[in-house]
Amino acid sequence: MAHITVCSAAKLTRLAPGPLKLMIVPLRRNITASVLHNSEHERSNKHRKYVYAATSIGLALLAGSHMYNEKKFFKAAQVGNIPELQKQVAAAKDSGYNAGAGDEGPADRRHSLGWTALMVAAANDHPTAVKELLKLGARPDSREQYAGASATAASTGLHPLEVLQRREDEFCGSMNARASFLGWTALHYAALSDSTASAEALLEAGADPTARDHAGRRALHYAREPSPTRDVIVEHARRWEEAAAAAAAEERRRFPLEQRLKQFIVGQQAAIETVAAAVRRKENGWADEDHPLVFLFLGSSGIGKTELAKQLARYMHRDDPAAFIRLDMSEYQEKHEVAKLIGAPPGYVGHEEGGQLTRALARRADAVVLFDEVDKAHPDVLTVLLQLFDEGRLTDGKGKLIECKNAIFVMTSNLAADEIAQYGLQLRREQEALLAQRTRARAAQGEPTTPVRAEDGPERSPEVSRQFKDEVVRPILKKHFGRDEFLGRINEIVYFLPFSRQELLTLVQRELARWADKARVRHGLELRWEGGALGALADGYDVHYGARSITHEVERRVVNMIALAAERGALARGSAVLLLEADGRLALAVRPPAARDYRRLDLDAL
């Protein structure tokens with residue numbers, strides 16, 4: 001044991017840094033002398049404990065000098081201490097820290113209050129430290145998580161004054177520690193600190209100059225004007241936007257909007273084509289640039305109006321959730337609720353919070369905005385929307401002007417829904433009668449009765465006539481909205497017609513497939529169905545409730561039966577369930593895991 005202790009002390013002396021050797025060398029001599037003196041006698045317990053304790057202290061000191069230290073790491077970034085940055089990143093790697101949340105590496109280890117060392121270096125204008133951290137693997141587009149002193153104190157359990165003090169001492173003393181910097185990148189901080197060299201290093205490393213913070217602002221918003229930093233960011237932003245526009249144009253060419261919408265919307269071919277044509281004009285520079293694009297979607301509930309708006313936003317903004325803004329206009333039925341939309345004026349409660357619409361548009365001025373059930377909004381709210389549609393800008397309660405000419409506004413309404421539904425059903429009947437007439441004519445001439453010509457191919461949505469629009473729908477809209485100028489600012493009124501029989505069968509198929517996935521994942525059951533079951537369920541369609549009536553029909557006639565059979569022990573995990581139809585009635589047949597044939601279930605007898 002003594003030999004091991006001497007060897008450990010010798011190794012400790014070789015590995016220790018200079019200052020630590022001053023403590024370890026006497027320790028080593030003490031250990032060696034003790035071993036020689038007691039070579040023929042047992043050391044006393046007291047002396048042995050002293051030696052072991054001293055050795056442990058030395059080893060702990062040595063290990064501590066090679067461990068990651070958060071305070072030293074961020075202080076090094078704050079003052080530009082390159083050797084210390086390298087040492088702390090190496091220590092983080094040695095401690096087994098390779099990746100954290102979002103695949104953040106050792107150089108991206110966050111401060112306990114939310115920021116990264118790269119942000120600290122950029123905020124304090126230390127471009128050398130910025131470059132070194134990038135070389136060590138720091139990600140240029142990591143997002144700030146510091147949301148201001150109050151919010152951070154609430155989330156961490158610290159006192160707000162302690163958070164303020166730590167932000168000033170451990171980040172940057174010249175920045176407002178009370179403000180929220182949520183969503184900022186290192187480039188935002190480089191712009192604010194006017195660090196041109198840091199901005200250049202970040203942009204060359206791939207930082208996105210178009211990235212927006214939580215308030216919807218790019219780094220360019222915080223750059224001084226004029227300044228070299230601003231010029232650098234502007235140039236890179238221009239290149240970035242040109243590349244993004246070229247990529248988006250190529251993607252639209254290969255994967256047109258109509259194709260995307262038809263993947264998620266059943267039927268409504270005329271509505272899809274109308275929306276896609278208007279968006280294409282806008283995207284390719286063939287539209288009025290002084291006004292935003294405005295749609296009014298008319299039709300019954302559950303027929304695809306809201307879903308089309310959602311898919312339009314996903315297509316145009318690559319699934320960015322902030323690019324789709326939905327406002328339920330039934331919440332704006334009173335005059336005073338205009339303030340909830342654009343913000344309360346000075347002196348009123350809620351003035352500092354801003355409005356729901358203005359806050360969202362400030363973050364994303366090119367968003368797709370859905371005003372759901374706009375016919376329920378108060379007339380004063382419609383006056384605000386008229387200004388928005390006419391000028392492409394909006395003044396909030398604080399007097400701030402928000403430009404949103406690149407936004408797309410979609411209003412939905414159930415006005416004239418009954419008239420549109422009945423007219424659509426009439427068009428469907430006429431279409432079916434014409435198809436039957438053509439089939440009989442071909443049969444009389446000895447031609448095949450299956451569709452082989454273009455006009456007999458997949459059914460198209462019938463077109464709404466100009467007479468119906470002008471004589472039926474427009475008077476209803478004018479009576480409700482009470483002003484021609486509001487209707488005049490709408491680029492396209494889009495009509496959603498009732499589903500055809502084939503479209504209903506498609507809806508039933510999708511709904512059953514959705515429940516089949518749930519049955520497999522949740523209960524280990526395989527759900528199948530016969531073709532006749534689709535028609536029986538499609539018969540439950542209600543023109544006033546659209547696809548929702550199909551959803552309810554499947555739940556009522558199919559899911560209820562499966563749930564009852566499972567409750568009564570007839571469906572073991574691993575079983576297969578077959579949905580049958582006879583004379584319009586649905587039934588279940590079950591094949592247990594070990595069986596080969598289906599057995600029809602009598603739920604009343606279970």
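Are Trp184 and Tyr189 buried or exposed? I began my notebook with this pair, and I found that both residues are buried. I note at the outset that the model is predicted.

**Entry 1: the chain as a whole**

The chain has 606 residues, and buried residues make up 44% of them. I recorded 24 helices and 11 strands as its secondary structure. I then turned to contacts with a sequence separation of 6 or more, and 70% of these are accounted for by residues 24 or more positions apart.

**Entry 2: aromatic rings**

I looked up the aromatic pairs and found 18 in the structure.

I checked the accessibility of each partner. Phe371 is buried at 0% relative accessibility, and Phe409 is likewise buried at 0%.

**Entry 3: from β6 to α19**

Ala416 sits in the loop between β6 (408–413) and α19 (417–444). Its phi is near 60°, a positive value in a residue other than glycine. Is Ala416 buried or exposed? I found a relative accessible area of 7%, and because buried means under 20%, Ala416 counts as buried.

I next looked up the packing of α19 against helix α20 (residues 466–481). The two axes come within 10 Å and cross at roughly 160°. Angles over 145 degrees count as roughly antiparallel, and α19 and α20 are therefore roughly antiparallel to each other. From α19, the contact is made by Glu419, Ile420 and Tyr423; from α20, it is made by Phe468, Val472, Val473 and Ile476. Sorted by class, the residues of this contact are six nonpolar, no polar and one charged.

**Entry 4: helices α23 and α24**

How do the axes of α23 and α24 cross? I recorded an angle of roughly 120° between helix α23 (residues 531–538) and helix α24 (residues 547–567), whose axes come within 9 Å. This angle makes α23 oblique to α24. The crossing of α23 past α24 is right-handed. I listed the residues that make the contact: Ala536, Leu537 and Ala538 from α23, and Ile550, Glu553, Val554, Arg557 and Val558 from α24. By class they divide into six nonpolar, no polar and two charged.

**Entry 5: the loop between α11 and α12**

I looked up the loop between α11 (196–204) and α12 (228–254), which is where Pro226 is placed. The peptide bond that joins Glu225 and Pro226 is cis, with omega about -5°.

Ala223 is found in this loop between α11 and α12 as well. I found Ala223 to be buried, with a relative accessible area of 9%. Which residues does Ala223 touch, not counting residues up to four places away in sequence? I noted Ala191 and Arg230. I also looked up the spacing of Ala223 and His188: they are 35 residues apart in sequence, and their C-alpha atoms are 8.3 Å apart in space.

**Entry 6: the loop between β9 and β10**

My last entry concerns Asp583, in the loop between β9 (576–582) and β10 (585–591). Phi of Asp583 is near 55°, which is a positive value in a residue other than glycine. Asp583 has a relative accessibility of 80% and counts as exposed. I set this beside Ala416, which also has a positive phi, near 60°, but is buried at 7%.

Key
Residues are numbered from 1 along each chain as its sequence is written. This is a predicted model: local features need pLDDT of at least 70, side-chain atom pairs count only at pLDDT 80 or more; totals for chains, interfaces and linings use all residues. Side-chain values use heavy atoms; hydrogens and water are left out. Axes are lines fitted to C-alpha atoms, for helices over the stretch in contact, and angles run from 0 to 180 degrees between N-to-C directions. Helices (H or I, at least four residues) and strands (E, at least two) are DSSP runs, numbered from the N terminus. Angles under 35 degrees count as roughly parallel, over 145 as roughly antiparallel, 65 to 115 as roughly perpendicular and the rest as oblique. A crossing is left-handed if the near helix is turned anticlockwise from the far one by less than a right angle, and right-handed if clockwise. Contact means heavy atoms within 4.5 Å. Ala, Val, Leu, Ile, Met, Phe, Trp, Tyr, Cys and Pro count as nonpolar, Asp, Glu, Lys and Arg as charged, and the others, Gly among them, as polar. Buried means under 20% relative accessible area, exposed over 50%, partly exposed in between (1.4 Å probe, protein chains only). Rings of Phe, Tyr and Trp (its six-membered ring) pair if their centres lie within 6.5 Å; planes under 30 degrees apart count as stacked, over 60 as edge-to-face and the rest as tilted.
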